[in-house]
Amino acid sequence: MRENKFAVPHTFTKDGVFYFVRRVPTELRRHYTSPRISYSLRTRSAPVAASRARRAAIQLDEYWYHLRCRDAELPGKHLLRVGGDFSSLPRDPSTMPVKSGCMKLSEGVAIYLRLKGTGRGATFHRAAQRACGYVIDVCGDKPLDAYTKADANAFRDTLMKRKMAGSSIVRVFGTVRSVFNFATAEDGIDIPNPFSRVYFDRTAGVKGRNPVDREAIAAVQDACYRLDDEMRWLVALVADTGMRLAEAAGLLCEDFEKDAEGNYVVHIRPHRWRRLKTASSARVVPLVGSALWAAKRIIAAREGTGFAFPRYNLTQTTNANSASAGLNKWLKGYVPNGGTMHSFRHSMRDRLRAVECPADIVDQDRVPLHGVAHGRPDGCRRGRADQSV
């Protein structure tokens, strides 16, 4: 077999005979049994082969356009990865699905994102599109009242076969349930949600959290004091506050200030370049230890204005992924295997428990504004907290 694509496009030769060949586009391969179309053009003449190959390519392009249009009947539906060739559905009238006046799942997602996605980040939109796209891949894009418990169970089994962790399956099912409930309410129908009460092992594949022990934290902080640069200021700030990395990376210098007693605190609040995970994430955190050192270094270096960490805010959104990749790589030399920047957040929970901080305060996103006297949990004596935490 000899490739001939330069002389006659979309062909190769075998024993002097021209063969037509085209790769099926990735998004349309579910309609075919093979990723490549190949057949003999029944000629040894290059001009004849070129004419036949050109005609076949035009026919395929037209048909593929038809398939794409059918899959994209709803604007944006192509993002949901519509699954399955509809020609494979049973044709026996007794087994044909009953026509329904309900909206399809893909339409429900579009309405859900249009009404609930306003002002939400790209992660919210991707989660809904991805989760419901999984359902459509497995069960098809059906009217909402056509989904059954068997569909939900098949969906669960598929996610488990993909070796998806139990915690990830929980999130996916939670998103699908939310979309389904919202869409049925908008459509004015009252039907059971088949994606509710589906059993699976929520702990399967879930790795335990990896807090950083106090000795490792001390080693990291010593390294931060020694290197004394912007990246280490960020590590030091997170290490003694338990902030999420994105929260810290998106701070302004103006978010640092002194309270009525003259103690430094940092205000965790939403900014247009960095949203907060939840509404309750807005809080005031007291600064002690390495966090206080980092805050003073930041304010002095930036003269109290602008971004606290400009290297991670060069675009319209805070690049927390870049911060995570770079800092986690640096941390490997100081923390146990599996330790990351997020591990400091887990460690803070343990450290707050160690100073007998009330459990309800610990659970309220570490140190929230309400229920705190000057940024410090009630019941935690100042001297003891500063020494232990």
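1. Let's begin with strand E6, residues 264-268. E6 is mostly covered in this predicted model, with four of its five residues buried. On one side, E6 pairs with strand E5 (residues 256-258) through three bridges, and the two run antiparallel. If you want a residue pair to look for, glutamate 257 stands opposite valine 265 in E6. E5 and E6 make a hairpin with five residues between them, and glycine 262 in that turn has a positive phi of about 85°.

2. Next, the largest nonpolar core, which holds 40 residues. The members that touch the most others are Leu234, Val235, Leu237, Phe256 and Phe344. E6 is one of the elements that give two or more residues to this core, along with helices H6 (214-227), H7 (230-239), H8 (245-249), H9 (289-302) and H10 (320-331). The largest share, eight residues, comes from H7.

3. Phenylalanine 344 deserves a look of its own. Leaving aside residues up to four places away in sequence, Phe344 touches Val212, Ile217, Val220, Val235, Val238, Ala239, Gly242 and Leu331. There is also a second, separate core of 30 residues, which includes Ile111, Ile136, Tyr147 and Ala183.

4. Which residues of H6 are buried? They are Ala216, Ile217, Val220, Gln221, Ala223 and Cys224. These residues cover an arc of only 160° around the axis, and therefore lie on the same side of H6. The buried residues of H6 pack against H7, H9, H10 and helix H11 (343-354). The face turned away from the buried side carries the exposed residues Arg214, Glu215 and Arg226.

5. Both ends of H6 have a detail to point out. At its start, a side-chain oxygen of aspartate 213 comes within 3.2 Å of the backbone nitrogen of glutamate 215. After the helix comes aspartate 228, with a positive phi near 50°.

6. Is glutamate 107 buried, partly exposed or exposed? Its relative accessibility is 29%, which is why it counts as partly exposed; the cut-offs are under 20% for buried and over 50% for exposed. Glutamate 107 lies in helix H2 (residues 105-116). A polar atom of its side chain lies 2.7 Å from the backbone nitrogen of lysine 104. Glutamate 107 and lysine 142 are 35 residues apart along the chain, and their C-alpha atoms are separated by 10.0 Å.

7. Strands E2 (residues 11-14) and E3 (residues 17-23) run antiparallel and are joined by four bridges. Lysine 14 stands opposite valine 17 in E3. Two residues sit between E2 and E3 in this hairpin, and aspartate 15 in the turn has a positive phi of about 55°.

Note on methods
Residues numbered from 1 in each chain as written. Predicted model: local features only at pLDDT ≥ 70, side-chain atom pairs only at ≥ 80, totals over all residues. Heavy atoms only, no water. Core = buried A, V, L, I, M, F, W, Y, C linked by side-chain atoms within 4.5 Å. Buried < 20%, exposed > 50% of the residue type's maximum accessible area, 1.4 Å probe, protein only. Contact = heavy atoms within 4.5 Å. Polar contact = N/O pair within 3.5 Å; in protein donor to acceptor, adjacent residues only side chain to side chain. Pairing = 2+ DSSP bridges. Arc of directions from axis to C-beta.
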